[in-house]
Amino acid sequence: MRIYRSPLLLRWLFPSAIWKGDDKRAVYLTFDDGPSEALTPWILQTLKKAEVKATFFCVGNNVKKHPELFQQIQEEGHRVGNHTMHHENGMKTRANDYLQSVDEANSFIHSPLFRPPYGKITLRQYFQLKKRNIQIVFWSWLSYDFDPNQASEKVKMKAKSIKGGDILVFHDNPKSAETLTESLEEVIQLLNQKRLTFKTI
Ligand SMILES: [Zn+2]
C-alpha cells in the first residue's frame, strides 16, 4: 500500500518537525536526493519555465560530486536542505554515526533544514538534531515517483488531492526520471489551476 499522506502517528512523535507549510494559499515543492546529472538540469529548466521556486534536499556526497549543479540550484533562487551524506536510513544507523553524516553533509550544504532519508529517524536522533537547532522537515504529500510500479498517470490523479499548505515530495534521482518527467509539468499546471502559489520552505 502506498501512503500518500504522512501518518498522524509520526506527526505526534515528532511534533516540532515541519509537516505542513503556514501559507494555505501556497504549496511547497521539494526534491530529494540530488543533485544528479540525469535530472537536476531538467528540473531546473522546468521550474524556470513555470516560474516556480522549490526546496532541494541534497545528499552531501552528490553535492561533492556535482558542485556546479548545487550552485546552479541556489543561483536560480531555490532553497537547499540537508539529506545526510550518503542517504543513511536512521533506523539502521547508530545515532552518533547519523549525526556525523548530517554534519559532514552540512559542510557542503550549509542549511538549517534537514530531511531524514526514507522519513526514518529514531527519537534519539530527532532530539539530538533538535538540540543543534536543525529544523527537521517531513512532508504531507508523497508522489511515489521513485516507485517503478506506479504509473505517472497515478501521480497526476493523486495530485488532485493536494491542498494549500501541503509539502510535496518528488525526487531528483535517476530512479524517478521517467515518472517525474512525465508528471511534474502537469502537476504544476494542476496546482496553478487551483490558484495555489509555490513557496520554498
Ligand atoms: Zn531521499
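**Close-up views of a predicted model**

**View 1. Strand β7 and its side chains.** From β7, Ile-167, Val-169 and His-171 point one way while Leu-168 and Phe-170 point the other way, and all are buried. The model shown here and in the other views is predicted. In a regular strand, side chains alternate between the two faces of the sheet. Strand β7 spans residues 167-171, and because 5 of its 5 residues are buried, the strand is largely enclosed by the rest of the structure.

**View 2. The strands paired with β7.** Strands β1 and β7 run parallel and are joined by 5 bridges. Within this pair, Leu-29 stands opposite Leu-168 of β7. Strand β6, residues 141-142, is also parallel to β7, with 2 bridges between them. Here Leu-142 stands opposite Val-169 of β7. Between β6 and β7 the chain passes through helix α7 (residues 152-158), and this β-α-β crossover is right-handed.

View 3. Strand β1 (residues 26-32) pairs with β2 in the parallel sense over 3 bridges. Asp-32 stands opposite Phe-57 in β2. The chain goes from β1 through helix α2 (residues 40-50) to β2, in a β-α-β crossover that is right-handed. Strand β3 (residues 79-82) runs parallel to β2, and 4 bridges join the two. Phe-56 has Val-80 in β3 as its bridge partner.

**View 4. The zinc site.** Which residues coordinate the zinc ion? They are Asp-33, through OD, and His-83 and His-87, each through NE2, at 2.1 Å. Along the chain, the donors of the zinc ion follow the spacing D-x49-H-x3-H. Is His-83 buried or exposed? His-83 counts as buried because its relative accessibility is 1%, and the cut-off for buried is under 20%.

View 5. Most peptide bonds are trans. The bond that joins Gly-34 and Pro-35 is cis, with omega about -5°. Pro-35 has its place in the loop between β1 and α2.

**View 6. The largest pocket.** The largest pocket holds about 570 Å³ of space. It is lined by 29 residues, of which Pro-117, Tyr-118, Gly-119, Trp-139 and Phe-146 are the closest to its centre. By class, the lining consists of 17 nonpolar, 7 polar and 5 charged residues. Tyr-118 belongs to the loop between β4 and α6 (123-131). The phi of Tyr-118 is near 60°, a positive value in a residue other than glycine.

**View 7. Asn-133 and its loop.** Most residues other than glycine have a negative phi. Asn-133 has a positive phi, near 65°. Asn-133 lies in the loop between α6 and β5 (135-136). With 66% relative accessibility, Asn-133 counts as exposed.

**View 8. Pro-112 and Ile-136.** Pro-112 is in the loop between α5 (95-109) and β4 (113-114). How far apart in space are Pro-112 and Ile-136, C-alpha to C-alpha? The distance is 8.6 Å, and the two are 24 residues apart in sequence. Pro-112 counts as partly exposed because its relative accessibility is 44%.

Definitions and conventions
Residues are numbered from 1 along each chain as its sequence is written. This is a predicted model: local features need pLDDT of at least 70, side-chain atom pairs count only at pLDDT 80 or more; totals for chains, interfaces and linings use all residues. Side-chain values use heavy atoms; hydrogens and water are left out. Donors are N, O and S atoms within 2.8 Å of the metal (3.2 Å for Na, K and Ca); water is not among the atoms, so sites may look incomplete. Buried means under 20% relative accessible area, exposed over 50%, partly exposed in between (1.4 Å probe, protein chains only). On a 1 Å grid over the protein atoms alone, a cavity is a set of points where a 1.4 Å probe fits but cannot get out, and a pocket is an open set with protein on both sides within 12 Å along at least five of seven lines; lining residues have an atom within 4 Å of a point. Grid points are joined across faces, edges and corners, and a volume is the space filled by probe spheres set on the points. Ala, Val, Leu, Ile, Met, Phe, Trp, Tyr, Cys and Pro count as nonpolar, Asp, Glu, Lys and Arg as charged, and the others, Gly among them, as polar. Two strands pair if DSSP finds at least two bridges between them. A crossover is right-handed if, with the strands pointing away from the viewer, the path from the first strand over the helix to the second runs clockwise.
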